[in-house]
Amino acid sequence: MNQADSDLSSLSADDEDYQDNVELNDDEDEDDDDISILDLISSSNPGKWGIHTDAFPAPTSNFCQKSGVNYSSSKPIEYFLEYLDDDFFREMANCTNIRSVIQTGKSANVSPEEIQIFIGCNLLLSCYGYPRLKMVWERFTRIPVIADNIARDRFFQIRSNLKVINDNDVSDD
């Protein structure tokens, strides 16, 4: 780079189109066609952001035990309950009901079995990539294994009141 190339004093403030006269010398891009970004976006997937009338293919799940792994339990629920026992679910349901009373003034009447279903549904939901949780219960995006076991409003009620510990039993220290 010589002194004349680095000197910007010859540019005036009145010269608005000085950038139009600059030529870029990219030897690597000579082969590229003149395609604008808008052309790329519109030709890549023309219906991507439009209204879709296609039937939504609901995802399927086929969970099976890996070969060579020996579990002491024969069913997944038995394996799960080896780590979280019935007392845990009873305490969790109790704390959730107490939280509901504190928040709304009435109990949600959550049972330990509902807590188990709720946790199981959340585990399954982590396998699906739905952008909105309510899609699980909608007509075309329904996941039967979840939607048949817990109602949408009940799921969100448990979710908003879920507690593992009673805040009244915790000291300020």
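Student: Is Cys121 buried or exposed, and what is its relative accessible area?

Tutor: This is a predicted model, and burial is read from relative accessible area, where under 20% means buried and over 50% means exposed. Cys121 has a relative accessible area of 4%, so Cys121 is buried.

Student: Does Cys127 count as buried or exposed?

Tutor: Cys127 counts as exposed because its relative accessibility is 52%, and the cut-off for exposed is over 50%.

Student: How many disulfides does a search of the whole structure find?

Tutor: The search of the whole structure finds 0 disulfides.

Student: What span should helix H5 have, and how far apart are its end C-alpha atoms?

Tutor: The expected span is 1.5 Å times one less than the number of residues. Helix H5 covers residues 112-125, which is 14 residues, so it should span 20 Å; the end C-alpha atoms are 20 Å apart, in agreement.

Student: Which residues are buried in H5, and what covers them?

Tutor: The buried residues of H5 are Ile115, Phe118, Ile119, Cys121, Leu124 and Leu125. Their cover includes helices H3 (76-81), H4 (86-104), H6 (144-147) and H7.

Student: Where is the place of Asn161, and does Asn161 count as buried or exposed?

Tutor: Asn161 belongs to helix H7, which runs over residues 152-161. Asn161 counts as buried because its relative accessibility is 6%.

Student: Which residues does Asn161 touch, not counting those up to four places away in sequence?

Tutor: With those sequence neighbours left out, Asn161 touches Thr96, Arg99, Ser100 and Gln103.

Technical notes: Residues are numbered from 1 along each chain as its sequence is written. This is a predicted model: local features need pLDDT of at least 70, side-chain atom pairs count only at pLDDT 80 or more; totals for chains, interfaces and linings use all residues. Side-chain values use heavy atoms; hydrogens and water are left out. A disulfide is a pair of cysteine sulfur atoms within 2.5 Å. Buried means under 20% relative accessible area, exposed over 50%, partly exposed in between (1.4 Å probe, protein chains only). Helices (H or I, at least four residues) and strands (E, at least two) are DSSP runs, numbered from the N terminus. Contact means heavy atoms within 4.5 Å.
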